[in-house]
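Please read it next to the sequence and the coordinates.

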Amino acid sequence: MKRIVMLMAIVMVGLCAKAQKFVFVDTDYILKNLPSFEAANEQLNEMSKKYEAEIKSKMQEVEQLYEAYRTESVFLTAEMKIKKENEIIEKENAMKKLQQAYFGQGGELFKQRETLVKPIQDQVFNAISSLAKEKNYSVVFDKASNFGV
């Protein structure tokens, strides 16, 4: 009895699988060949370089303050040492906040990416979806990711 039920289940799965149509797409390839996507990525890269340069200069300021503190610490009173240490910590925290404001989740670069790239990705997704409906594909797999579209 168990064999008959298992055989019927295998036959049913086989019949259902024949009715489904699958397609694979490579969204990375599609996006890389869109001029608007390349232009958006170039703009994001320029912004990223600008932000990195600004953060690097702030980091150098902190390093210079720390080096000056190390060389002068022998001559400073305890009160002056605390003041200098607090100044260094304050500059370092400001640099970290700036870095988070630019590169963190919800930062400037993230927002610009949402503004520039997401509409292009949505267009590609909609085009793939409409083509899948038109051609009656059951499942669309994206080679660029491990998930189905």
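Predicted model: local features only at pLDDT ≥ 70, side-chain atom pairs only at ≥ 80, totals over all residues.

Residues are numbered from 1 along each chain as its sequence is written, and side-chain values use heavy atoms, with hydrogens and water left out.

**Whole chain**

The protein chain contains six helices and two strands, where helices (H or I, at least four residues) and strands (E, at least two) are DSSP runs numbered from the N terminus. Read from the N terminus, the order of elements is α-β-α-α-α-α-α-β. The chain has 149 residues, of which 19% are buried (under 20% relative accessible area, 1.4 Å probe, protein chains only). Its accessible surface is about 11,700 Å², with 58% belonging to carbon and sulfur atoms; the area comes from the Shrake-Rupley method with a 1.4 Å probe. Among contacts (heavy atoms within 4.5 Å) with a separation of 6 or more, 72% join residues 24 or more positions apart.

**Helix α3**

Helix α3 covers residues 35-72. With 38 residues, α3 spans 55 Å from first to last C-alpha, close to the 56 Å expected at 1.5 Å a residue; the expected span is 1.5 Å times one less than the number of residues. Its buried residues are Phe37, Ala40, Leu44, Met47, Ser48, Tyr51, Ile55, Val62 and Tyr69. The cover over these residues includes α2 (27-32), α4 (78-103), α5 and α6 (118-134).

**Two helix pairs**

Axes are lines fitted to C-alpha atoms, for helices over the stretch in contact, and angles between N-to-C directions run from 0 to 180 degrees.

| Pair | Axes come within | Crossing angle |
|---|---|---|
| α3 and α5 | 10 Å | roughly 170 degrees |
| α5 and α6 | 4 Å | roughly 40 degrees |

The helices α3 and α5 are therefore roughly antiparallel (over 145 degrees). On the α3 side the contact is made by Ala40, Asn41, Gln43, Leu44, Met47, Ser48 and Tyr51, and on the α5 side by Glu108, Leu109, Gln112, Arg113 and Leu116.

How values were computed
Parallel < 35°, antiparallel > 145°, perpendicular 65-115°, else oblique. Buried < 20%, exposed > 50% of the residue type's maximum accessible area, 1.4 Å probe, protein only.
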